[in-house]
Amino acid sequence: MAGGGGEPQEALNEGQPGYVLPTSLEANGLKKNRWGFLITGLVGGTLVAVYAVATPFITPALRKICLPFVPATTKQIENVVKMLQSRRGPLVDIGSGDGRIVIAAAKEGFTAVGYELNPWLVWYSRYRAWREGVQHLAKFYISDLWKVTFSQYSNVVIFGVPQMMLQLEKKLELELERDARVIACRFPFPHWTPAQVTGEGIDTVWVYDMNMFRGREKRP
């Protein structure tokens, strides 16, 4: 007697019409897709964060003349404060970095201002000033030094680079009052004769009193 069952069905292969993906493989595929989206999001977020943090540091370096951030040493700060003894009037630090000089001057009773192009360093400086309790005397601003007028300051501190000292010398000679004092750290001005020099090596500071330059023709 013949059997009652029909002919066995031929198994379908992946890609053929009517093929249904097994449940386990479908679940694995969804997990892979989720991991792919997660990894892509993490990588993208990391790149955005790196760009946001690095851009303020890289952008100044693309300028013709820039002030690289090199923290002042403890000895440099001591030498600057020493050259400010018996001085009065507001102080400005050109390229104030993380605010060490401005905060040290504020602790000595000066109304001190720092101009810095890097916003991250400005925000950090403000935090440091608040932490040290001198936020009422120490102020920090995001600004290009070439766009700032320094005529209102009696004391000027600069951690410069050789490429900018000549141009800055001309700017300060035109803007500062007769009783102003300029303190240069690491590099001296090319034409000015310092009234005092203290420190050694990278801790050397040069002190220039503007009354020594008054009475001569201003540099063009």
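**Figure 1. Strands β1 and β4 run parallel and are joined by 4 bridges.** Strand β1 covers residues 91-94 and strand β4 covers residues 155-159. Val 92 has Val 156 in β4 as its bridge partner. Helices (H or I, at least four residues) and strands (E, at least two) are DSSP runs, numbered from the N terminus. The model is predicted: local features need pLDDT of at least 70, side-chain atom pairs count only at pLDDT 80 or more, and totals for chains, interfaces and linings use all residues. Residues are numbered from 1 along each chain as its sequence is written, and side-chain values use heavy atoms, with hydrogens and water left out.

**Figure 2. An open sheet is formed by 7 strands.** The strand order is β3-β2-β1-β4-β5-β7-β6, and the pairing is mixed. Two strands pair if DSSP finds at least two bridges between them. Strands of a sheet pair through backbone hydrogen bonds, either parallel or antiparallel. At the edges lie β3 (138-142) and β6 (196-198), each of which pairs on one side only. From one strand to the next, the twist averages 15°. Helix α5 (residues 162-175) packs on the sheet and touches β1, β4 and β5 (181-185); contact means heavy atoms within 4.5 Å. The direction of α5 makes about 170° with that of β4. Axes are lines fitted to C-alpha atoms, for helices over the stretch in contact, and angles run from 0 to 180 degrees between N-to-C directions.

**Figure 3. Helices α3 and α4 cross at roughly 25°.** The axes of α3 (residues 100-107) and α4 (residues 119-132) come within 10 Å. The two helices are therefore roughly parallel to each other (angles under 35 degrees count as roughly parallel, over 145 as roughly antiparallel, 65 to 115 as roughly perpendicular and the rest as oblique). Their crossing is right-handed, meaning that the near helix is turned clockwise from the far one by less than a right angle. Arg 100, Ile 103 and Lys 107 of α3 meet Ser 125, Arg 128, Ala 129 and Glu 132 of α4. By class, this contact has 2 nonpolar, 1 polar and 4 charged residues. Ala, Val, Leu, Ile, Met, Phe, Trp, Tyr, Cys and Pro count as nonpolar, Asp, Glu, Lys and Arg as charged, and the others, Gly among them, as polar.

**Figure 4. Ser 86 has a positive phi, near 70°, although the residue is not glycine.** Ser 86 is found in the loop between α2 (74-83) and β1. With a relative accessible area of 70%, Ser 86 is exposed (buried means under 20%, exposed over 50%, partly exposed in between; 1.4 Å probe, protein chains only).
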